[in-house]
Amino acid sequence: MIKLKSVSFDLFSVKAGGINFHLPAGDTAVILGPHNSGKSVIIKICLGLIPVTSGEVIIEGENILAVKKQGQAKILRKIGYVPKGPSLLDNLTVAGNIGLPLMYHSGTAYGEMVEKIRPTLIRFGLEKISEKFPSDLSRNDTRLVQMARAIIQKPKLLFIHEPTAGDLDPDGFVKVAGYIRDLQKEKTTILITTSSPALAAACANSLYIFLDSKLVKFADALESQSPIIIQYLKSLRDYSNEQDAGLTKFFSRERTAE
Amino acid sequence: MPLNISGEHIEQLPTARKDFPSEGTDGLLEQVAAGLIAVGRFYLQLLSIFIGFAAAAIQIKGSQWKFVKNILTHQIIFSGVDAFFVVGSISAMVGGVLMIQLISFSSAFATDKMMMELLVSVIIRELAPLLTTLILIARSASAITIELGTMRLKHHDEILDSMGISIVKYFHMPRILGLTISNVALSFYFVLVTLASAMAISIFRENVSIESLLIDFVASLTLTDLLLCGIKSALLGLTIALVCIYHGLSVEKSSTELPQQTSAALVNSYLLCYKFNMIMSITYYLLA
């Protein structure tokens, strides 16, 4: 489904080289790594949004980096993308944001589009807020709207960048992870980048990690036992423990208050 | 050597005139050359935005056009229809004041056929395209620059790209077409209201019959005047859209760039529209 062949990049003070990666159809790969390790760059390269120093990105047999803008747009229609930041268009409602690709690519009128997206709104529990604007949404809802928009055209391939980043509450985390697992059951090919070990554990069929500007399989990284990897794994454990401790503290305080 | 915020040494940027390598005539020439290159680059960028728009317009599919038409309609409502009251008020006042001033010189102006010709050509050829352009800049230029600049800051252009949605079709095309169509429509509306207002003053002040004024008006009107008014208005509307898109796209990283680029968009729109209007007028009078 997606293949990266000897991809190298040198961007935004993030460098990586010789990246080889293969994600077969229907599989879910998670790329784990700290912030600024190059995770977002990998996704943007796969979307043809930023150039590479060298290498090829093959999506469904086509090198997205070699085709012209129009060809890229064709390939991108097969891909859903959930970015990290607030990416909803402020001047459109929730329904408008989710249905935007349908209106643009198929010329669907607004009323018809609202009917078409209703099952998706129901699936993500967004039907009550479909006429709200992005500025009125909670972070949880914003992330769910982004996911709904990404899957509205039933993409074969889904890129999700830091799905649980930001101030998602525990409910939001559980919901997002749950929807990702549902999509896995539907055999959608998914590439997730995250710094959350918990999400990686919950969703990954295959797990990769960015270490020393290289993308390596997590299992291989564990075997090598180099000091850098041990230190990094410890920091991941600490990060995870901190999250757990924070949540435990939060819930204990709630109980005390009651 | 100075240090940056992380404590690393940084190369000191030239701050005073003496820091620059060239001085005197050479320095001045270099600055002039740099200025000319910057101006040339600005015009080239405007041209490339226009070429991008034209290419997208040629390649647009029927389904995409349906979508673009929807945004275009909203743009025409905002830039054109919503401006009817402002343009109507200003044009009524302009027409009235113009006629009052003319009559104050001689009451014959209210009835003179030649004066009608003068009034018609001044309003249609010059005042209407220029004044509606100024109103359009005031109403739409900042809105377009801020909207596009904000989209750039929030990386919405990347999001649209990732969905296979062309920002040229989604944003540029409706703005360019919307402003061009709106400016033409507003100019003709301006002409009608201004002349009606001027005629009303003539009728009330000098008891001139409406029939004779209308006959003089129709006799004074030429197709060339109307064409010139339409072409000027269309080109000036197009210019505003291109300048605003250029400045919106120039916003890159910081929110402080937004007011800077908006202000630059307004100033450059005014300057360019005056310049183009003058060039078109001179060209017309040289050819006529």
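Author: Buried area is the accessible area that two parts lose on being put together, summed over both.

Reader: How much area do chain B and chain A bury between them?

Author: The size of an interface is often given as the accessible area lost when the parts come together. Here chain B and chain A bury about 2000 Å² between them, with 57% of it on carbon and sulfur atoms. Of the area that chain B buries against chain A, 26% is supplied by B:F67, B:S162 and B:M163, more than by any other three residues.

Reader: How many residues does each chain bring to the contact?

Author: Chain B contributes 19 residues and chain A contributes 25 residues.

Reader: How many salt bridges are counted between chain B and chain A?

Author: The count is two. In a salt bridge between A:D90 and B:K154, the side chains meet at 2.7 Å, N to O.

Reader: I turn now to the helices. In helix α1 (residues 39-46) of chain A, how many residues are buried?

Author: Seven of the eight residues are buried, and the helix is thus mostly covered. The buried residues of α1(A) are A:K39, A:V41, A:I42, A:I43, A:K44, A:I45 and A:C46. After α1(A) comes A:G48, whose phi is positive, near 70°.

Reader: Which residues make the nonpolar surface patch of about 380 Å²?

Author: An α-helix has 3.6 residues a turn, so residues three or four places apart point the same way. In this structure, the patch is made by B:L44, B:L47, B:F50 and B:I51. One of these, B:L47, lies in helix α1 (residues 24-59) of chain B.

Reader: Why does B:L47 count as partly exposed?

Author: The class applies between 20% and 50% relative accessible area. B:L47 counts as partly exposed because its relative accessibility is 45%.

Reader: Where in the model is confidence lowest or highest among the helices named for chain B?

Author: Where pLDDT is low, the predicted coordinates should not be read in detail. In chain B, confidence is lowest in helix α7 (residues 210-220), at a mean of 82, and highest in helix α8 (residues 223-250), at 94. Chain B averages a pLDDT of 86, and 90% of the residues score at least 70. Over residues 1-20 of chain B, however, pLDDT stays under 50, and the model has 15 contacts beyond four places in sequence for them.

Reader: What is the average pLDDT of chain A?

Author: Chain A averages 82, with 85% of the residues at 70 or above. Over residues 254-258 of chain A, pLDDT stays under 50, and the model has zero contacts beyond four places in sequence for them. The model scores ipTM 0.78 and pTM 0.81.

Terms used. Residues are numbered from 1 along each chain as its sequence is written. Chains are lettered from A and ligands numbered from 1 in the order in which they are written. This is a predicted model: local features need pLDDT of at least 70, side-chain atom pairs count only at pLDDT 80 or more; totals for chains, interfaces and linings use all residues. Side-chain values use heavy atoms; hydrogens and water are left out. Patches are made of residues with over 30% relative accessible area and no salt bridge: like charges are joined within 9 Å, nonpolar side chains (Val, Leu, Ile, Met, Phe, Trp, Tyr) within 5 Å. Accessible areas come from the Shrake-Rupley method with a 1.4 Å probe; for residues, only the protein chains shown count as cover. A salt bridge is a side-chain nitrogen of Lys or Arg within 4 Å of a carboxyl oxygen of Asp or Glu. Helices (H or I, at least four residues) and strands (E, at least two) are DSSP runs, numbered from the N terminus. Buried means under 20% relative accessible area, exposed over 50%, partly exposed in between (1.4 Å probe, protein chains only). pLDDT is the predictor's confidence in each residue, from 0 to 100. Contact means heavy atoms within 4.5 Å. Buried area is the accessible area (1.4 Å probe) that two parts lose on being put together, summed over both.
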